[in-house]
Amino acid sequence: MSKLRVTTLAGNDGDIRIGVTINRPQREVRLRHSDFLRHCIIVGTTGSGKSTTAGVIASQLSKFGIVIILDWYGEFPQILDKISHKYTHYRASEHSKIPVPSRIESIINILEEVLDLTPPQSYILRRVLKGGLTSFKEVLHAVDEFEVTARWMIESKYALLRKLGTLFSDQYVNYLGSTYERGLVDMLKRSSRKPMVVDLSVFEEYGARKFMALLVLRLLEEFKSQHLITDKVFVIVDESHNILTSSKSLLERMMAEVRKLNIGITLITQSPALLSYRIISNSNIKIIHALKSRDDVDVITRSVGSGVAVDKVLPRLGVGEVVVDAPSLASPVLVKVNYA
Ligand SMILES: Nc1ncnc2c1ncn2[C@@H]1O[C@H](COP(=O)(O)OP(=O)(O)OP(=O)(O)O)[C@@H](O)[C@H]1O
Ligand SMILES: [Mg+2]
């Protein structure tokens, strides 16, 4: 089927087993867990097996640190049940609130990104929140009370209120803690040795899911930089194109900056053509499932090691078949991910 050469599998000394080579002689392909700290992308068309591959990796990575899966559709418990049965499941609720970051600037940046705020809307939000925030319940009220006189400010204020209203509905606002509590840190520590699935599908609106995902990412960065967590952290972001929509993306910035904190990010997406050059070049491991669109194939082909016919192979891969490129491999290899 392919012209890929699989002669040297230096990656066999790795500790994360991906599967076996499709070409004969069949050989096991392993990656190093430490390479996941220098980020990974898993791409492929719908139904090609991306989330399952991520589950296979997550259950093995948890031997080496804390693994958090941002689960956009709430499907990872089912996937992990087939692999190892071991995971902790976090669903935000009134009884298990999502803590919020301690720095007000972080909250403003996340709101700017999720709600795509204009400069006047950001200005009003900053003014309202500058004294700090005790509860998200107050935000809508505080913006409403904010006195404006100029006409452009009035319009911006009401536009801001409408945008905030989609995030802080009566239901969702009760899922948010006031400032961050020890609860999540303790839960993360307890979940070492098994992946922790954060179920974003609790929120119907995509904007609210994105908000929660960014809050968790930012919290992890804070917990690590304040040494509240000392273990390595691996974050897996499924359906990441939903979180990477903004030009001021927190996730993209984190990929460039968090290596020194021992946080590794794995992004999963069906649309690699939407990934920026910065993200692709910041990802040391590339796991590529079947791709059909020419744009996607071209972007990925350019990003992996040369000398192989990746562009010919990608459209013909079956479910669970991948091309893997990683620093520990001499050249990209064709692998069948084994999750049974
Ligand atoms: N390595 C594999 N071997 C055999 N079957 C697999 C493998 N990986 C995935 N599958 C099966 O293929 C189907 C799709 O898998 P999965 O949900 O992981 O794909 P996906 O790329 O994440 O899809 P989507 O784009 O819809 O999120 C599932 O039924 C799954 O059990
Ligand atoms: Mg999926």
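Colleague: How far apart do the C-alpha centres of domain 1 and domain 2 lie?
Modeller: They lie 32 Å apart in this predicted model. The domain assignment, automatic or from a database, gives domain 1 as 10-94 + 181-301 + 310-337 and domain 2 as 104-173. Local features here need pLDDT of at least 70, side-chain atom pairs count only at pLDDT 80 or more, and totals for chains, interfaces and linings use all residues. Residues are numbered from 1 along each chain as its sequence is written, while chains are lettered from A and ligands numbered from 1 in the order in which they are written.

Colleague: What makes up the contact?
Modeller: Domain 1 gives 13 residues and domain 2 gives nine residues. Two residues are in contact if their C-beta atoms, placed from the backbone, lie within 7 Å. On the domain 1 side, H9 supplies the largest share, seven residues.

Colleague: How do you know that the span of helix H6 agrees with its number of residues?
Modeller: A helix here is a DSSP run of H or I, at least four residues, numbered from the N terminus. The expected span is 1.5 Å times one less than the number of residues. H6 has 17 residues (151-167), so it should span 24 Å; its end C-alpha atoms are 25 Å apart, which agrees.

Colleague: Which residues of H6 are buried?
Modeller: Ser156, Lys157, Leu160, Lys163, Leu164 and Leu167. Buried means 20 or more other C-beta atoms within 10 Å of a residue's own; exposed means 12 or fewer.

Key
Helix = DSSP H or I, 4+ residues; strand = E, 2+ residues; numbered from the N terminus.
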